Amino acid sequence: MKKTDRDLGMGRDITRRDFLHDASLAGMGMGLGLSAPLGALAGASETGPGASGYPPTRTGLRGSHPGSWETAHALAREGQAFAPGEDTGERYDLVVVGGGISGLSAALYYQDRYGPDARILILENHDDFGGHAKRNEFHQGGEMRLALGGVHNLEIESYSPTARAMLDRLGVDIDTLERHTNFAYGFKGPGRPSTWFDAEHFGEDVLLAGAGLRWSDAAEMPALIDRMPLGEDSRSRLKRFYTARTNVFAGKDWDQVEARLRAMSYYDFLKQHGGLDAACLALFDNITHGAEGFGAVNLSAMEALEVGLPGWQLLGGDLEDSDYEYAMVMFPDGNASIARLMVARLIPAVAPGVNADNIAVADFDYAALDRDDQPVRLRLESTVVRAQNQDGGVVVDYARDGGLHRIRARHAVLACYHVIIPHLCPELEESQREALRYQVKCPLLATNVLLRSGEPVRAAGTSAVHCPGRMHANLYVWQGNTAGGYAQGSWDNEDGPMTLFFWGSIAEPRGDLTLKERLRGSRAKMLALTFEDYEREVRTVLDGIYGPYGLDVKRDVLAITVNRWPHGYSYWYTDLWDPDFEDGAWPHEIARRGFGNITIANSDAAADAYTHAAIDQAHRAVSELPDVRG
């Protein structure tokens, strides 16, 4: 029987509500002459100890939180016109639009080019810096517990010399960091990878330990399939699929095979060569949501195999080849520590004495971010609505504190999403505007939950769970990383509160739609959901998985932080949905072209949603700025 909100503990007073100060927002909307409330977030949610001026401890609806996106939507989606801002009299050498890793990197590279005394202002529309590398802290259980707000890893093998030099500059020693990334999360974690079949979609709740569904789990799957709550025919099909050892393209050379796999959807491959039916395919619908940004139905067969989905056994693949190790290192708050190290370099007063060895536990003084007596300033809750070349420099208008403000600078770097730039700079040539619009970002959902105790999770014996049919594709235990000075016990020796990480997206609408139409549909659904919708989903899943092992969701959920990123991963080119452009004519290459004293830096400019791409693009953008400093 489906549980009520009361059964799930929805009425309990935990730090979970995303309160908006309606009067403040409405007042700002009227001040800007707009019908919808816009502007700065006056008090995003209930917070942890001392959190009123410290965003990382805010819980509830985070990521693109209420107050961070309404002004941009008014500009880009509703066509609202903004009058010129009131000139503040501020003059800078550089204005950076966006305080994520690319924007922070651009400020550092600008200092390299023009010296440490260059006056720089970074404008960020959220109430915290870092962009998708958002820091989440929990204090509700006593000792601080860190969690992931979005960007996870440093994919060190993919780093260019430029990006590696940035890590060196920040004092991040890869060997040291690797020694402290002494835990395995996700499906490499200490518990067995599992799949949870829920009663709503499959008729009964079944937690199937060992059933990870991926290629690396193929050896164990045949013995588990009979326990799946599926029809007899579907179970038989799955068993034949996972036990197959054949080559359906025998006699063809690999180039021919790869060409066919790239022209064929993964689902067509599974149906035609794996014999799977719709019920079987549904198990894979959301399995790629977190890692790729959209469902497996959108992938070619080759793309799906490359990211570890099953099927190699139909191509002569050996199960012994499936133990792929993903080369990465990470801090316990993900790449939020990288953003914090950058801010500390740019504005030393924020965190005196901080370094890579203590960054995870360092105190940050947000009151020091925006002071007139320092060369670099970082201004939060400031949404840029216009950037234009004027009088040999740049004029930037932004919304903040219920009003519109204007500042001037020699240069500007737009380190914001590509899709907003045509609205900030309407004078761009149509070819560049079209290229900027091409890249429809992939929604991302990163939700953290603090449990009173990890005992029910350990009793279940699983540290990673795939949840087909649910809002979040995967659930991971987040425990054991000791990098950056953070001390936390591991899976088997920590008695206190435990952090769980839900990762995925919102299911795209299906049917005869393009990938971009599906991404837009997913984004619309994500923005329409309230915090209570997310909370209800989280509690339902926790109760179904861990309730049988002693978890009381009414008592044991201490805090929930939902990091929703409607504009999440940068758009990447896919086999099925994008043409093969000529060199120099790829949309991201056209989109990132500088114009006048304005350049563009972000991961969109690389069509690659990774931290190293953001750093590389910042370096390129600053190097392309015309030298107008006098």
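This report covers a cavity, a helix pair and aromatic pairs in a predicted model.

## Basis

Local features need pLDDT of at least 70, side-chain atom pairs count only at pLDDT 80 or more, and totals for chains, interfaces and linings use all residues. Residues are numbered from 1 along each chain as its sequence is written, and side-chain values use heavy atoms, without hydrogens and water.

## Cavity

The count is 1 cavity of 30 Å³ or more. A cavity is a set of points on a 1 Å grid over the protein atoms alone where a 1.4 Å probe fits but cannot get out. The largest cavity holds about 40 Å³, its volume being the space filled by probe spheres set on the points.

Its lining (residues with an atom within 4 Å of a point) includes Asp 128, Arg 135 and Arg 340. By class, the lining has 5 nonpolar, no polar and 3 charged residues.

## Helices H4 and H14

Helix H4 (residues 101-114) packs against helix H14 (residues 336-346) at about 30 degrees, with the axes 10 Å apart. Helices are DSSP runs (H or I) of at least four residues. Axes are lines fitted to C-alpha atoms over the stretch in contact, and angles run from 0 to 180 degrees between N-to-C directions.

In H4, Leu 104 and Leu 108 are among the contact residues; in H14, Met 342 and Val 343 are among them. Contact means heavy atoms within 4.5 Å. The contact has 9 nonpolar, 2 polar and 1 charged residues.

## Aromatic pairs

The structure holds 20 aromatic pairs (ring centres within 6.5 Å; planes over 60 degrees apart count as edge-to-face). Tyr 438 and Phe 581 are edge-to-face, because their centres lie 5.9 Å apart and their planes are at 85 degrees.

Tyr 438 lies in helix H16 (residues 430-438) and Phe 581 in the loop between strand E16 (557-569) and helix H21 (587-591), so the pair ties together parts 143 residues apart in sequence. Strands are DSSP runs (E) of at least two residues.

Key:
1 Å grid on protein atoms, 1.4 Å probe; cavity = no way out; pocket = protein on both sides within 12 Å on 5 of 7 lines; lining within 4 Å. Nonpolar A, V, L, I, M, F, W, Y, C, P; charged D, E, K, R; others polar. Phe/Tyr/Trp six-rings, centres within 6.5 Å; stacked < 30°, edge-to-face > 60°.
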